Structures are given as structure tokens and as C-alpha cells.
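Look over the sequence and the fold before reading on. The paragraphs below lead you through the model, one region at a time.

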Amino acid sequence: MATKETSLLSKLGDAVSQEEGERLLWETSDELTEDIAAILKHQADESLAANDRVGSEEYQTWADLARSLVTLRQIRSTNPSSPEQARQILESYRDQYDDAFIKLLVQVGSQRLEKMSHVLGRIKAGDSEADTTAQEAIEEAQFEARFLLVIADTTQNPAYQAQAQMVYGTFLLIFARLEEARGQDVKNLEAILEQARVELTACAENELASLEIRAKAEGNLAAVAGEARLDLVEQHQTKAQQLAEQAGDLGILRTTRRDRAFWAKKRHDWDTAFKLYQQNIEDTEHALWKESSHSGALDLVLATRQDYQAIVDICLELGKENPAYYERALEFADQGKARAFLRSLVDIGAAYKFIPPRLIQRRDRIETRLKELGDLQKEYSTEIAELHKSEMEALIRALGKTEAQIQSCASTSAFNLRCVPLKFNEMQALVPEEGAILSYFSMEDRLLIFVLTQQGLVTPPIEVPSLLKI
């Protein structure tokens, strides 16, 4: 085996997370070979035989990614002299177009779409520098989206075609918004949005596509409709929520509800917006106490933070007509800021049949490196320590995931803590005689301070501008 291949496989073996291994494969994509992919597949099989399910899945993911990167490099290294020759080249690789390869192309396309969205967030008409950046982002995304479409059409696989339509339709949607921000011709924008609608509709109506993809397509169709057709916005978002519920995907479901709540607030339909955010919070609360790892629980807490902020904001709006909602605002604010702390107090008792040695070794490597970085922070200046900040954050995430993987090996587990949020009257009962309870809640743009006395809640809560947030 070549020295480079040996070095790469050694680094993958020492990777502290699956994500780090994937990043390493991307960085060395020009050096990858089919032999490396085959070795990784063999490692996946060996791990499975050794009862290391997590390790097998990790190595299989790396094997699929390595093979797909090799195929992509081979295709793009060709220089066809005609459309017909290009078609023949794509056809010759047809047996390589599987789930992993399509996933790779979708990932590349999505990265380009994220870049376009980032440009959209800061572009202004007449800004020549931003305009050049926008044009580069558009060309990159357009190439990847069209390439994915061609590959998907070559496979004649409806599920792959739906993913390609989703990416291309989303590209057209963001492209239209970018053109609008750049001050381009309105007639052309309508044509682009119509094409986006066609692609996304084809995806949403494809019953062979995954429910998750179809839900995203319906959500984007709502964005295409926009404020001019609020009836279509509600129609598509309702369908998106139904599909997300059928799929059981909490992440997509949360996003869909937030989108619906956004438009409900536009209509000043505060009751509907309140119910949607409340559903998100209830679903997350249910998932929170089923999650067996601290890191997984923390991810859930962070994911629902914006739901708590939004529902508190809505309660303040509703409180203008019904003061009881000020009390609900305090209940949600207290619940939202307490969840991460309360969940961190949980001790998990677990019984294990077998923990793969690879996970124990990985945890030891991460903890050793974290200790080294901790010592560096004590020894060197703040500037030097700052250089290692991103590495430390990545290691902490990797440690959390490794602990979660170890926890998944448990045959049984149990929590030692259960708790429920306090209601307003229970909070009020805790107020000392002739005293008050001050409770704060941090929003995106301001700090809220609730003042609770034995006589009741001082309304509305005190609002402190964001510059004074603590």
C-alpha cells in the first residue's frame, strides 16, 4: 500500500468524529482511489462482525463518500468535445449513481445554495463588489444544480429526480430573490419564479420521493407564492406540515411550524402563531426526556430556544388585550431558560453489554487533547489561546457525540430526575413577604425583566435594549 494511502487510513482511524473523517476525505479528494474506498468498506464489514455497529456505520459512510468523490473527480476530469460525447460519458458511469453519489451531489449543491443565501442577506442594488460576488455564487450554484439534474435524469430514478428538482427549484427561488435585490427586470423574475414553481411542484407531487424532501418542496412553494398569494402560502405550508408529521422528522416539522407562524404573525393572527410555537415546545419537551445523552439533550434545548423566544414575544402582544398572557409569558420564559440547567442535573444510570474499544479509545484521545488545550490556555496569552478556540469547540462536540454513541450501547438506562415547569400561581406562592422575585429572559434584540410580587405581576415586563443585555 502506498505511503499516502497508509497515512490517510491512519488519520481516519484516529479521527475524533465521523464529521472529521468526512472533512479529511474532502480535503484529500484528489488523492483518493477506489482501493481506499474498498479498504474502508472492508473495515466497515470487520467492525460489524466485531459487534461495533456504530463503527461499521461510520466506516461505511466514509467508504461511500470516498467512492463517490472518486467517481465525481473522474467524470469532471473528462473534456467532452460535444453534448453527445458528454452524454456517453455520463452513461458510462451510470452504475455508480447510487444513494451515496446522489447524496454527495445534493450536499455540494446545498453548499452552493447556502452561499447564495448568504449573499442575498447582504446585497444591495448598486453595490458593484457585492454584485460580482453574487454573480459568482449564482454561476457556481447553477452549475451544480444543473449537473445534479442531468445525473438524476440519466438514472431514470424518480426519487433521485425529485431530489434534483428540489435543489434546482430552490436555486431558482434564491436566484429570483437575488435578481430582485440587484434591481433586475421584474418580468424576468416572474419567469424564473414560474420555473421554480414547476420544479418544486414536480418534487412535491412525486410519491416515490421521501416525505422529508416533499415537505421541504412544499415549504419552498410557499416561499415562491409570497405575500401576493397568502392563500397559497397557507395551502403549501399546511401540506408541508402534514408531510413532516407523516415522516416523523422533528427538525423539518419544527421549521415548517415556524414558517407557518411567521405568516400568521404577518396576518396578525397571534392565536395561530401561539399554538404553532406551543406545539414545537411540547414536541421538544417530549423528545428531551427520551434523549439518553447530555449532548443530544443540549442540542434539543438549543434547537427550541427560538421557539421560546417567539412564544414569549407573542404572549406580550396578546397581553395588550388580555393581561393573563403576561403571566403565560413569564411561565414560558422561566421554562425556556431552565431546561438546559435542569437536564444537565440528570444522572443516567445504565447497564452495558458491550462497548466497542474504538469508542473508548476515541473518548480518551479527545479528553487528552482537551486537557492539552486547557493547559495551553493557562500557559499562553489570550491571542494564542484564541487560535485553538475552534479546535476546542469541535472536540467538545465530538466528545458529546462519542458519549452519545457509548450511551447507545446501553442495554437499559434510567434517569434520576423528573420535573415539570411551575405555573404562575405556584411562582407567586414563592414570593417572600413584602418582597419580589425578579426574573429575566434574553431575547434576540432585548432583555426582559419580570417583576413578580404577592399582589401579582408588574405588567408589561421591563424591556432593556440589546446593548445592555447581560
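Predicted model: local features only at pLDDT ≥ 70, side-chain atom pairs only at ≥ 80, totals over all residues.

Valine 301 counts as buried because its relative accessibility is 10%. Buried means under 20% relative accessible area, exposed over 50%, and partly exposed in between, with a 1.4 Å probe and protein chains only. Valine 301 lies in helix α14.

Residues are numbered from 1 along each chain as its sequence is written, and side-chain values use heavy atoms, with hydrogens and water left out.

Stay with helix α14, which covers residues 294-319 and also holds aspartate 307. Is aspartate 307 buried or exposed? Aspartate 307 has 0% relative accessibility, so it counts as buried. Which residues does aspartate 307 touch, not counting residues up to four places away in sequence? They are Arg254, Arg258, Tyr277, Asn280 and Ile281. Contact here means heavy atoms within 4.5 Å. With asparagine 280 there is also a polar contact, side chain to side chain, at 3.1 Å. A polar contact is a pair of N or O atoms within 3.5 Å; within protein, one must be able to donate a hydrogen and the other to accept it, and residues adjacent in sequence count only if both atoms are side-chain atoms.

Now step back to the chain. It has 19 helices and six strands. Helices (H or I, at least four residues) and strands (E, at least two) are DSSP runs, numbered from the N terminus. The C-alpha trace spans about 85 × 60 × 50 Å along its principal axes. Of the 470 residues, 42% are buried. Among contacts between residues at least 6 apart in sequence, 66% join residues at least 24 apart.

Next comes confidence. The pLDDT, the predictor's confidence in each residue from 0 to 100, averages 87 over the protein chain. A score of at least 70 is reached by 90% of the residues. Among the elements, helix α10 (residues 211-225) has the highest mean pLDDT, 95. Strand β2 (residues 410-415) has the lowest, 58.

Turn to a helix pair. Two packed helices are described by the angle between their axes and the distance between the axes. Helix α1 (residues 3-13) packs with helix α3 (residues 34-49) at about 35°, and their axes are 11 Å apart. Axes are lines fitted to C-alpha atoms, for helices over the stretch in contact, and angles run from 0 to 180 degrees between N-to-C directions. Helix α1 contributes Glu5, Leu8, Leu9 and Leu12 to the contact, while α3 contributes Asp35, Ile36, Ile39 and Leu40.

Finally, look at the backbone. Most residues other than glycine have a negative phi, and most peptide bonds are trans. Histidine 268 is not a glycine, and its phi is positive, near 65°. Histidine 268 sits in the loop between α12 (250-266) and α13 (270-288). It counts as exposed because its relative accessibility is 57%. Glutamate 434 also has a positive phi, of about 60°. Its place is the loop between α19 (424-428) and β3 (436-442). Threonine 459 and proline 460 are joined by a cis peptide bond, with omega about -10°. Proline 460 belongs to the loop between β5 (456-457) and β6 (462-465).
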